[in-house]
Amino acid sequence: MGKIEHVSDTALMVAACRAMETVRPDGLVRDPFAASLADDKGMAIAKSSSGMEWMSFAIGIRSRFIDDLLTSELERGEIETVLNLGAGLDTRPWRMDLPSGLRWIEADYPDMIAYKRERLGDARPRCALQQIAADL
């Protein structure tokens, strides 16, 4: 169960790392959706990986950097569209304070898009989200 069998399993592992950072008092990212998206498989993959503490820290830094960069650039008012290719289980459209008029396009495998929709349930994105199922 703690083994990567498909490239999409890495998205489960990254979500698990975000979930671990979220529960840390000094965590670098707050993602209320991460644990649900990671599910048991993602948590098992992350926990069976060597250097899990460092990996969670690295994912936290990466997430925080991108969140801060995106926020900074959006404040300038020049971005109308974000294109996220290979979006995986990214939750920025749901967890960040984004302009409602921002167009956010994410593309990933059809199964990944369906899984994310199922796991997020009734959660609503905070911007105009378009999901495109594609094998990139």
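Let's start with a cysteine. Cys 17 is buried, at a relative accessible area of 1%. Buried here means under 20% relative accessible area, with a 1.4 Å probe and protein chains only. Cys 127 is buried too, at 8%.

Quick ground rules. This is a predicted model: local features need pLDDT of at least 70, side-chain atom pairs count only at pLDDT 80 or more, and totals for chains, interfaces and linings use all residues. Numbering runs from 1 along each chain as its sequence is written, and side-chain values use heavy atoms, leaving out hydrogens and water.

Now the strands, which are DSSP E runs of at least two residues, numbered from the N terminus. Strand S2 covers residues 103-108, and five of its six residues are buried, so S2 is largely enclosed by the rest of the structure. S2 pairs with S1, residues 81-85, in the parallel sense over five bridges. Pairing requires at least two DSSP bridges. Val 82 has Trp 104 in S2 as its bridge partner. S2 also pairs with S3, residues 128-133, again parallel, over six bridges. There, Ala 107 stands opposite Ile 132 in S3.

Last, the helices, DSSP H or I runs of at least four residues. The axes of H1, residues 9-23, and H2, residues 34-48, come within 7 Å and cross at roughly 105°. That makes H1 roughly perpendicular to H2, a label for angles of 65 to 115 degrees. Axes are lines fitted to C-alpha atoms over the stretch in contact, with angles from 0 to 180 degrees between N-to-C directions.

Terms used. Angles under 35 degrees count as roughly parallel, over 145 as roughly antiparallel, 65 to 115 as roughly perpendicular and the rest as oblique. Buried means under 20% relative accessible area, exposed over 50%, partly exposed in between (1.4 Å probe, protein chains only).
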